[in-house]
Amino acid sequence: MPVLEKSGHVGRVEWLGWVPAGGVLRAEPVDMLELSFSGVTGERHEGATRPSCVRVRNLYDRDTEIRNVRQLTILSTEELAAIATEMGLDRLDPAWLGASIVVSGIPDFTHVPPSSRLQNGDGTTLTIDMENRPCVLPGREVEADKPGHGAAFKPAAQDRRGVTAWVERPGTLRLGDELTLFIPDQRPWMP
């Protein structure tokens, strides 16, 4: 019996980006991404494993080797527009945020349940890890292009920063691809 069910939501790939390895956050727009089990070849977040960071500091010492469940950063056009409005900008360039993928058409995207899947028509499948919390790094990129607006990013992006994800089934993603959202068939946890 399947434990992932179609949610009834289908997103559309509106933007794709490639973040060069080596400290730079800014993504370069591309028309397609070739995805392997390690993510995007040569990209900043490529790899089956990664050194632990502040996100899991209560579990591991910094730089402990762990599974890489943040190979990709996925954002939504609707949430980007809301962040931009709150920041007083006409538009928020996903490149400033180190985005891998921007989708449209999935409501409240940042809060899609962990372990949900996004799958294109060719079977390329991404597994959502969890919400990607806002930090100051994208604000620095915003500030470089839009002086006076960078500090507004972190508060404006609260609950709208998208998700991190990893490649479950390799393949190619292209601009315009439709991504079907599958969600876990389980009740919410109630401790």
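A pocket, as the word is used in these legends, is an open set of grid points with protein on both sides within 12 Å along at least five of seven lines. The model shown in every view is predicted.

**View A. The second largest pocket of the predicted model.** About 350 Å³ of space lies in this second largest pocket. Its lining is made up of 13 residues, and those closest to the centre are R55, V56, D129, M130 and E131. Strand 6 (65-67) and strand 10 are the elements that give two or more residues to this lining, with strand 10 giving the most, namely three. Sorted by class, the lining of the second largest pocket holds five nonpolar residues, one polar residue and seven charged residues.

**View B. The largest pocket.** The volume of the largest pocket is about 560 Å³, and 25 residues line it, with R44, H45, C53, R55 and R70 nearest its centre. Strand 5, which spans residues 49-51, gives the most to the lining, with three residues. The lining of the largest pocket divides into nine nonpolar, seven polar and nine charged residues.

**View C. The largest nonpolar core.** This core has 21 residues, of which L35, L72, I74, I101, F109, L118 and L126 touch the most other members. Several strands each give two or more residues to the core, including strand 1 (4-18), strand 7 (72-76) and strand 10 (125-131), while strand 11 gives the most, with three residues.

**View D. The surroundings of L126.** When neighbours within four places in sequence are left aside, the residues in contact with L126 include L35, L72, I74, I101, W166 and L173.

Key:
Residues are numbered from 1 along each chain as its sequence is written. This is a predicted model: local features need pLDDT of at least 70, side-chain atom pairs count only at pLDDT 80 or more; totals for chains, interfaces and linings use all residues. Side-chain values use heavy atoms; hydrogens and water are left out. A nonpolar core is a set of buried Ala, Val, Leu, Ile, Met, Phe, Trp, Tyr and Cys residues joined through side-chain atoms within 4.5 Å. Buried means under 20% relative accessible area, exposed over 50%, partly exposed in between (1.4 Å probe, protein chains only). Helices (H or I, at least four residues) and strands (E, at least two) are DSSP runs, numbered from the N terminus. Contact means heavy atoms within 4.5 Å. On a 1 Å grid over the protein atoms alone, a cavity is a set of points where a 1.4 Å probe fits but cannot get out, and a pocket is an open set with protein on both sides within 12 Å along at least five of seven lines; lining residues have an atom within 4 Å of a point. Grid points are joined across faces, edges and corners, and a volume is the space filled by probe spheres set on the points. Ala, Val, Leu, Ile, Met, Phe, Trp, Tyr, Cys and Pro count as nonpolar, Asp, Glu, Lys and Arg as charged, and the others, Gly among them, as polar.
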